[in-house]
Amino acid sequence: MKLVNAKYNLIIEFKENMTPVLIIENPKAMEDIISNIWAQVNGQDGDFILSSEKEIRIEKQMDCIINPFAIDFNSKKIINSLYSRLSKIANTYVVEKNDINVRSVELIDKILL
């Protein structure tokens with residue numbers, strides 16, 4: 001996945017298990033880049049293009065965290081993303097889930113008898 005900005009000739013490539021680092025020394029450029037990303041994350045137009053084979057809407061895939069101490073963990077976007085990831089992981093444990101279901105039914109039967 002790539003994040004591209006023609007105005008600043010930026011191409012930021014996202015690879016699994018790697019964190020890209022962008023160092024911006026010009027305060028005006030930094031303000032412009034952050035405000036641009038912020039606007040696009042909130043559904044407005046901007047200068048950045050996010051792509052993976054084809055263009056992706058930034059507000060669907062990105063979040064802009066300016067202050068990590070002010071993250072709202074009750075945010076619908078964060079919760080949905082977490083549930084989606086947990087669901088994908090849970091689907092790899094089919095045998096274990098079936099075992100839990102069988103044991104639960106057996107326990108309920110014992111309680112009811």
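1. How many helices and how many strands are there in the chain? There are four helices and four strands, where helices (H or I, at least four residues) and strands (E, at least two) are DSSP runs numbered from the N terminus. From the N terminus on, their order is β-β-α-β-β-α-α-α. The chain is more spread out than a compact globule, because its radius of gyration is 22 Å, well over the 13 Å that the globule rule gives for 113 residues; the radius is taken over C-alpha atoms, and the rule is 2.2 Å times the number of residues to the power 0.38.

2. On provenance, this is a predicted model, in which local features need pLDDT of at least 70 and side-chain atom pairs count only at pLDDT 80 or more, while totals for chains, interfaces and linings use all residues. Residues are numbered from 1 along each chain as its sequence is written, and side-chain values use heavy atoms, with hydrogens and water left out.

3. Along its principal axes the C-alpha trace spans about 75 × 30 × 25 Å. Of the 113 residues, 15% count as buried, where buried means under 20% relative accessible area, exposed over 50%, and partly exposed in between (1.4 Å probe, protein chains only).

4. Turning to the strands, E1 (residues 2-5) and E3 (residues 48-52) run antiparallel and are joined by four bridges, with Val4 having Ile49 in E3 as its bridge partner; two strands pair if DSSP finds at least two bridges between them. E3 is also joined, by three bridges and again antiparallel, to E4 (residues 54-56), and here Ser51 has Glu55 as its partner in E4. The hairpin of E3 and E4 has one residue between the strands, and Glu53 takes a positive phi near 75° in it.

5. Ile58, which lies in helix H2 (residues 58-61), counts as buried because its relative accessibility is 6%. Leaving aside residues up to four places away in sequence, Ile58 touches Leu3, Gln40, Val41, Phe48 and Leu50, contact meaning heavy atoms within 4.5 Å.

6. Ile89 lies in helix H3 (residues 76-90) and is partly exposed, with a relative accessible area of 49%. Together with Leu82, Tyr83, Leu86 and Tyr93, Ile89 makes a nonpolar surface patch of about 540 Å². Patches are made of residues with over 30% relative accessible area and no salt bridge, like charges being joined within 9 Å and nonpolar side chains (Val, Leu, Ile, Met, Phe, Trp, Tyr) within 5 Å; a salt bridge is a side-chain nitrogen of Lys or Arg within 4 Å of a carboxyl oxygen of Asp or Glu. Areas come from the Shrake-Rupley method with a 1.4 Å probe, and for residues only the protein chains shown count as cover.
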